[in-house]
Amino acid sequence: MTATSSSLMFSGYFLTLLIWAGCTTVVCLVDEKLAAQPAPTIGYHSIEMTTANASHGESALSFACGNNTHNCMEYCSICKRFFGKPSMQCLSTLLEHLCLKNFEIAMASLHSNDWCIWSNVSSLYSNLSLCTEEISDCLVIPWPNPLVEQTFVNIHSKYFQFCPTEELSDPPPVIIFALVITPICLIPVMVSLVVLKTKNGDGSS
């Protein structure tokens, strides 16, 4: 099997999983045009046969598979079919083809000026987080893990690097002026009070 045909099998299989799973717990942000396209064939087997083989492979799994969602068996079947078992490499592939792909499609539908508005991206960000957590739990890999953390670091550097953070931004000029001028004005007042107190003390003695 050549590298090209192997790559086609990966892409077709993950496309089938996206279409078959529908808008369930896995983030389903693929547009209707993509879902309406006819399923291509891969090698000698159609996508439908590949999905059916993955579904019937439940009893053939020789490793622990989470059961948090009905998608777990599909994720584990993918890992068994292409990687032999759940692994960080399989997790990386699933995150890239499912979670990240959906997140990138959703972000591409927004104008880049809207990326820094939290109300526009909060649900997308939350869905990405839930997707990474679900797949990790299904593969019985602790979450968060270094791969998931690196995924979010990459997301931030790609989409949110130039977003201003209000917590670190300078306060308005009026507040800065008040904070600077107040101590300056208090110094003469404090000096006058000290001198006055000293004179009153000397006079009474």
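Where is the place of V140? V140 sits in the loop between helix 6 and helix 7. Helices here are DSSP runs of H or I with at least four residues, numbered from the N terminus. V140 has a positive phi of about 55°, although it is not a glycine. P144 is in the loop between helix 6 and helix 7 too. The peptide bond from W143 to P144 is cis, with omega near 0°.

A word on the model. It is predicted, so local features need pLDDT of at least 70 and side-chain atom pairs pLDDT 80 or more, while totals for chains, interfaces and linings use all residues. Residues are numbered from 1 along each chain as its sequence is written, and side-chain values use heavy atoms, without hydrogens and water.

Now look at the rings. The whole structure holds six aromatic pairs (Phe, Tyr or Trp rings, for Trp the six-membered one, with centres within 6.5 Å). One of them joins F103 and Y159. This pair is edge-to-face (planes over 60 degrees apart). Its centres are 5.6 Å apart, with 80° between the planes. F103 lies in helix 5 (residues 88–108) and Y159 in helix 7 (residues 146–159), so the pair ties together parts 56 residues apart in sequence. Ring pairs link F103, W115, W118, Y125, F152, Y159 and F160 into a cluster.

Conventions. Rings of Phe, Tyr and Trp (its six-membered ring) pair if their centres lie within 6.5 Å; planes under 30 degrees apart count as stacked, over 60 as edge-to-face and the rest as tilted. Helices (H or I, at least four residues) and strands (E, at least two) are DSSP runs, numbered from the N terminus.
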